[in-house]
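Take a moment with the sequence and the model below. Then follow the chain through its helices, its core and its charged pairs.

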Amino acid sequence: AQSDEEPWNPILAILMFMGSSAGTSCFQKLAITAFRRPLLLLSFQTFVGLLILAPMYTSIHLGGPRDLLRFSPQAVLFTLKVVCSMVAYDYCTLGTYVVISSTCPLFSLPIEAICFQKGSRSPGWS
């Protein structure tokens, strides 16, 4: 028997994602406007994140050399994405940033369709 609350779970998840995404965008724009050094701010945020994770280091499994080789391209691309978004926050209005970031899936979808096999969570080249 399903409870009456279960149909609302996807709606609640979508609303929470929208709220956290909008909040993150607003606070990042405010921080960059006040701080004026996006890459230094990014370095500080990364350092704070590492400090938060440091006590849990023993419970984090990093994988082996094969995993390092397999995920290196994603790490480079993610770093590039984060750096570009921080610079974009500095030069664009918040509205422009939201529109551009909302259209990014239109560009990444063809790449994902080419690189990933249907029904698989791993890239087609592995």
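The bend at a residue is the angle between two axes, one fitted to the seven residues ending there and one to the seven starting there. With that in hand, look at helix α4. It bends by about 30° at Ser 108. A proline, Pro 110, follows within four residues. What do the ends of α4 show? Helix α4 covers residues 94–115, and its 22 residues should span 32 Å at 1.5 Å a residue. Its end C-alpha atoms are 32 Å apart, which agrees.

Now step back to the whole chain. This is a predicted model. The protein chain has four helices and zero strands. Read from the N terminus, its elements run α-α-α-α. Of its 126 residues, 11% count as buried. The chain exposes about 10600 Å², and carbon and sulfur atoms supply 72% of that area. Consider also the contacts with a separation of 6 or more: residues 24 or more positions apart account for 62% of them.

Helix α3 comes next. It runs over residues 65–91. It has a kink too, of about 45° at Phe 71, shortly before the proline Pro 73.

Which residues of α3 are buried? They are Val 82, Ser 85, Met 86, Tyr 89 and Asp 90. What covers them includes α1, α2 and α4.

Some of these residues return in the largest nonpolar core. Seven residues make up this core: Ile 32, Leu 41, Leu 42, Val 82, Met 86, Tyr 89 and Tyr 97. The largest share, three residues, comes from α3. Leu 42 gives a close view of the packing. Leaving aside its neighbours within four places in sequence, Leu 42 is in contact with Val 82, Val 83 and Met 86.

Turn to helix α1, residues 9–35, where Ser 25 lies. Is Ser 25 buried or exposed? Its relative accessibility is 10%, so Ser 25 counts as buried, since buried means under 20%. Which residues does Ser 25 touch, not counting those up to four places away in sequence? They are Tyr 89, Leu 94 and Tyr 97.

Last come the charges. Side chains of opposite charge can pair when their charged atoms come close. The count here is two salt bridges. In one, Arg 36 pairs with Asp 90, and the closest N and O atoms are 3.2 Å apart. Arg 36 lies in the loop between α1 and α2, and Asp 90 in helix α3, so the pair ties together parts that are 54 residues apart in sequence. The two partners differ in cover. Arg 36 counts as partly exposed, at 46% relative accessibility, whereas Asp 90 counts as buried, at 18%.

The other salt bridge joins Asp 67 and Arg 70, with the closest N and O atoms 3.9 Å apart. Both residues lie in helix α3, three residues apart, about one turn of the helix. Asp 67 counts as partly exposed, at 28% relative accessibility. Arg 70 also counts as partly exposed, at 41%.

How values were computed: Residues are numbered from 1 along each chain as its sequence is written. This is a predicted model: local features need pLDDT of at least 70, side-chain atom pairs count only at pLDDT 80 or more; totals for chains, interfaces and linings use all residues. Side-chain values use heavy atoms; hydrogens and water are left out. A nonpolar core is a set of buried Ala, Val, Leu, Ile, Met, Phe, Trp, Tyr and Cys residues joined through side-chain atoms within 4.5 Å. Buried means under 20% relative accessible area, exposed over 50%, partly exposed in between (1.4 Å probe, protein chains only). Helices (H or I, at least four residues) and strands (E, at least two) are DSSP runs, numbered from the N terminus. Contact means heavy atoms within 4.5 Å. The expected span of a helix is 1.5 Å times one less than its number of residues. Accessible areas come from the Shrake-Rupley method with a 1.4 Å probe; for residues, only the protein chains shown count as cover. A salt bridge is a side-chain nitrogen of Lys or Arg within 4 Å of a carboxyl oxygen of Asp or Glu.
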